[in-house]
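Subject: Structure handover and findings

Hello,

Here is the structure for your files. My notes on it follow below, with the cut-offs given where each term comes up.

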Amino acid sequence: MGEAQKQSQISKIMKNKNFFIGAFALAIAHIVWGIGTPLMKVALTQIPIFVLAFARFGVAALIIFLISKKGWEKMEKSEIVRMMISGFFGVFVLISLFFWGLTLGESINASLIAASVPIFVYLMAVVFLHEKPNQKIFHGLIIGSIGVVIIVISPLLLGTSKLSGSLGANLLFFLAMMGMAIDTIIAKPVATKYPPLQVTFWSFFSASCGFLILATLLGQWQQFDIFALRGEVVFSYFWGLLGMSLLSYTLFYLGVGKLKASESGLFNYFNPLAATLVGVNLLGEKLTIYHLIGSVLVVIGIYIAEKNKLPKLKN
């Protein structure tokens with residue numbers, strides 16, 4: 001085997017390794033986020049929006065700084081600014097609007113609207129990052145979106161629930177999800193170069209400043225009584241801090257750095273899928289034929305979009 005062939009083989013192996021690391025990281029991140037959606041609704045019953053947001057991301061930023069600062073690489077000022085802008089959209093805008101929407105509407109609405117994120121990530125990646133349009137990815141997105149929609153509206157199909165929630169709440173959910181899509185595009189160039197914890201810190205630091213300012217200006221600290229918190233609220237907070245903030249965002253930026261932006265959006269489908277499973281196991285909801293059909297379509301959608309990666313496993 002010639003030197004050129006060896007280099008080509010090594011390149012293929014590394015691409016496969018990066019893909020599966022990125023895919024695993026993003027799948028776990030979205031599953032943890034999905035499980036946490038109903039838990040955040042519980043936490044918001046006793047903790048004001050911006051107090052909860054700061055307690056999650058401010059504390060997470062401090063933890064990341066303390067445990068990982070020594071291993072950081074030198075970043076250009078423009079890259080730090082880019083990640084702070086990324087944090088504005090992907091944390092501050094996303095969390096502020098999402099939490100606000102949860103206080104006004106139902107989580108089923110949020111899950112339904114979240115299903116549109118991969119489409120917007122794909123379109124933005126093609127337009128702004130100049131990623132080559134991929135017909136397989138687009139077809140996979142469409143099929144996966146249909147699966148998620150079936151899952152989240154299954155109570156309606158069974159006639160056991162109403163799609164309630166104000167138009168304002170739905171608009172907040174939609175704008176929040178656009179924050180995540182924009183974050184993916186902005187963070188991509190930096191996330192490929194630096195350790196995920198370092199990238200996550202600057203994103204959290206930026207958002208935490210905004211949360212702290214709004215919590216103070218709106219007088220939300222005076223509305224918060226830490227000693228009155230119920231056990232389920234405390235559990236929900238720590239799930240948000242350790243799982244949804246520290247773990248999921250770190251894995252998210254790791255995955256974004258390993259995959260194309262258009263590919264990373266696919267794994268957003270695990271979010272509402274996980275939220276549905278939480279409802280089945282913790283809230284006593286029944287697993288119906290619509291959940292099964294939707295889950296199968298999600299798996300098929302991801303397979304169609306990424307099946308060209310599977311044969312390379314032989315390398």
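Rings of Phe, Tyr and Trp (for Trp, its six-membered ring) are paired here if their centres lie within 6.5 Å; planes under 30 degrees apart count as stacked, over 60 as edge-to-face, and the rest as tilted. By this rule the structure has 23 aromatic pairs.

Two notes on the source. This is a predicted model, in which local features need pLDDT of at least 70 and side-chain atom pairs count only at pLDDT 80 or more, while totals for chains, interfaces and linings use all residues. Residues are numbered from 1 along each chain as its sequence is written, and side-chain values use heavy atoms, with hydrogens and water left out.

Aromatic pairs

One of the pairs is Trp-33 with Tyr-249: the ring centres are 5.0 Å apart and the planes stand at 70°, so the pair is edge-to-face. This pair links distant parts of the chain, with Trp-33 in helix 1 (residues 3–43) and Tyr-249 in helix 10 (residues 231–258), 216 residues apart. Helices (H or I, at least four residues) and strands (E, at least two) are DSSP runs, numbered from the N terminus. Trp-33 counts as buried at 6% relative accessibility, and Tyr-249 is buried as well, at 2%. For these labels, buried means under 20% relative accessible area, exposed over 50%, and partly exposed in between (1.4 Å probe, protein chains only).

Another pair is Trp-72 with Trp-202, with centres 6.4 Å apart and planes at 50°, so this one is tilted. It also links distant parts of the chain: Trp-72 is in the loop between helix 2 (49–68) and helix 3 (77–104), Trp-202 is in helix 9 (residues 196–217), and 130 residues separate them. Trp-72 is buried at 17% relative accessibility, and Trp-202 is buried at 19%.

Trp-33 and Tyr-249 also belong to one aromatic cluster, whose other members are Phe-57, Phe-88, Phe-89, Phe-92, Phe-204, Phe-211, Phe-252 and Tyr-253.

Overall fold and helices

The protein has 13 helices and zero strands. Of its 315 residues, 50% are buried.

Helix 10, which carries Tyr-249, has 28 residues that should span 40 Å at 1.5 Å a residue; its end C-alpha atoms are 38 Å apart, which agrees. The expected span is 1.5 Å times one less than the number of residues. Helix 10 also has a kink of about 35°, centred on Ser-248. The bend at a residue is the angle between axes fitted to the seven residues ending there and the seven starting there.

Helix 9, where Trp-202 sits, has 22 residues and reaches 32 Å from its first C-alpha to its last, close to the expected 32 Å. Just after helix 9, Gly-219 takes a positive phi of about 65°.

Salt bridges

A salt bridge is a side-chain nitrogen of Lys or Arg within 4 Å of a carboxyl oxygen of Asp or Glu. The structure holds two.

Lys-193 and Glu-79 form one of them, at 2.5 Å, N to O. Lys-193 is in the loop between helix 8 (167–191) and helix 9, Glu-79 is in helix 3, and the two are 114 residues apart. Lys-193 is partly exposed at 46% relative accessibility, whereas Glu-79 is buried at 10%.

Glu-232 and Arg-230 form a salt bridge at 2.7 Å, N to O. Glu-232 is partly exposed at 41%, and Arg-230 is partly exposed at 34%.

Surface patch

Leu-62, Phe-65, Leu-66 and Ile-67 make a nonpolar surface patch of about 430 Å². Patches consist of residues with over 30% relative accessible area and no salt bridge; like charges are joined within 9 Å and nonpolar side chains (Val, Leu, Ile, Met, Phe, Trp, Tyr) within 5 Å. Accessible areas come from the Shrake-Rupley method with a 1.4 Å probe; for residues, only the protein chains shown count as cover. Leu-66 lies in helix 2 and is exposed at 64% relative accessibility.

Contacts across the sequence

Gly-34 is in helix 1 and is buried at 0% relative accessibility. Met-177 is in helix 8 and is buried at 6%. Met-177 and Pro-118 are 59 residues apart in sequence, and 9.8 Å apart in space, C-alpha to C-alpha.

Regards
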